Amino acid sequence: MFTSTDMEKIFTVRLSEDGHVEIIDQTLLPNEVKFLKLKTAESIYEAIHELRVRGAPAIGITAAFGMYVLARQIPDNADFYKELSRLGEYLISSRPTAVNLSFAVKKMLSAVEGCGKEAALPRLYEECNAIYNEDRKMCRAIAENGLSLVKDGDGILTHCNAGVLAASEYGTGLGPLLLGKELGYNFKVYSDETRPLLQGARLTAFELFNAGIDVTLICDSAASMLMKSGKINACFVGCDRVAANGDVANKIGTRSVAVNAKYHSVPFYVFCPSSTIDFNCKSGDDIVIEERSPEEITTKFFSKPTAPGVKCFNPAFDVTDAELITAIITEKGICRYPYSASLAELFGHQEVK
């Protein structure tokens, strides 16, 4: 069993001194803690695509560090910016739904447009570290804003994982719980297992249990019963993309939680950094939903196939309608419906009609 001291040694992603992107392999948690060093475009792509690193902020940070690592390897006689752009597009294609991925890649490219390799490398190093440090600040601010919405002793339902393993520090959806623990709050957390990849069981329960937070693991289908019984005072989720109208893409099953919460009058809160808000995306209808391998449903966590030969539908995400969301919590403040107006006002964008 891990201790709090062991947890302090765990990091999600960092730039190693020997020029690699270093991550914890989240596919092995909670039974094995293994760190991977990534240096090639293929290894970074594979780590993101196979969810060895996951969570929108963590994916963005990985991509930023990855762009720097890959830039160092571009031959001196190559068209530097063209090759770096090609590598960036390749990384973006690993998980198209998470907007932080493209955000980080484009920010890195913007920092060196028109530069040759020699001038670009120090700029890329500075930019990737700035992206990482900015995420740390945002996570703390999101946690503080979210903590204002709940009180000591509340029962909180979580779905998927939006904690330290999904970001740089505190996380987003778990941030108020982890910060609250530090400040003396005592929450009763119910963690959806989050089928089919069990991020709630393997990651959220792992994080909260080892942080000393009272956490109970439940099947996804038990959430509605808990809401009816009055044990849930709020639902906390992160997200991978927020459209300009407030529609939110998050791990499959999130919409079901929101519908149940609406029916039972339980507040449903979405936590995200500003980098996850895509003002170029008008609504959830414009969000590309990644579909994944059928084996994740039928064999990944089973000793034998559960439905051999049967067709499967395995979307990684669903879209929660803005009308179902009680509030969207960002580092800059808390937005309420209608989000087309509140998000635009908070972030200084023109309202999307």
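The following questions and answers cover selected strands and residues of a predicted model.

Residues are numbered from 1 along each chain as its sequence is written. Because the model is predicted, local features need pLDDT of at least 70 and side-chain atom pairs count only at pLDDT 80 or more, while totals for chains, interfaces and linings use all residues; side-chain values use heavy atoms, with hydrogens and water left out.

Q: Which strands are the edge strands of the open sheet of four strands?
A: Helices (H or I, at least four residues) and strands (E, at least two) are DSSP runs, numbered from the N terminus. Two strands pair if DSSP finds at least two bridges between them. The open sheet has the order E11-E8-E9-E12, with mixed pairing. Pairing on one side only marks the edge strands, E11 (277–278) and E12 (317–320).

Q: Which residue in E9 stands opposite Arg241?
A: Strand E8 (residues 241–243) and strand E9 (residues 248–251) run antiparallel and are joined by two bridges. Opposite Arg241 stands Ala249.

Q: Which residues form the covered face of strand E3?
A: Strand E3 (residues 35–38) pairs with strand E2 (residues 21–24) in the antiparallel sense over four bridges. The uncovered face of E3 has Phe35 and Lys37. The covered face has Leu36 and Leu38.

Q: Is Lys151 buried or exposed?
A: Lys151 lies in the loop between helix H6 (117–147) and strand E4 (155–158). Buried means under 20% relative accessible area, exposed over 50%, and partly exposed in between (1.4 Å probe, protein chains only). Because its relative accessibility is 53%, Lys151 counts as exposed.

Q: Which residues is Lys151 in contact with, leaving aside its neighbours within four places in sequence?
A: Contact means heavy atoms within 4.5 Å. Under that exclusion, Lys151 is in contact with Tyr185 and Phe187.

Q: What separates the C-alpha atoms of Ala344 and Asn245?
A: Ala344 is found in helix H12 (residues 339–347) and is buried, with a relative accessible area of 5%. Ala344 and Asn245 are 99 residues apart along the chain. Their C-alpha atoms are separated by 9.2 Å.

Q: Which side chain makes a polar contact with the side chain of Arg292?
A: Arg292 is in the loop between E11 and helix H11 (295–298), and is buried at 12% relative accessible area. A polar contact is a pair of N or O atoms within 3.5 Å; within protein, one must be able to donate a hydrogen and the other to accept it, and residues adjacent in sequence count only if both atoms are side-chain atoms. A polar atom of the Arg292 side chain lies 3.0 Å from the backbone oxygen of His49. The side-chain partner, at 2.7 Å, is Glu290.
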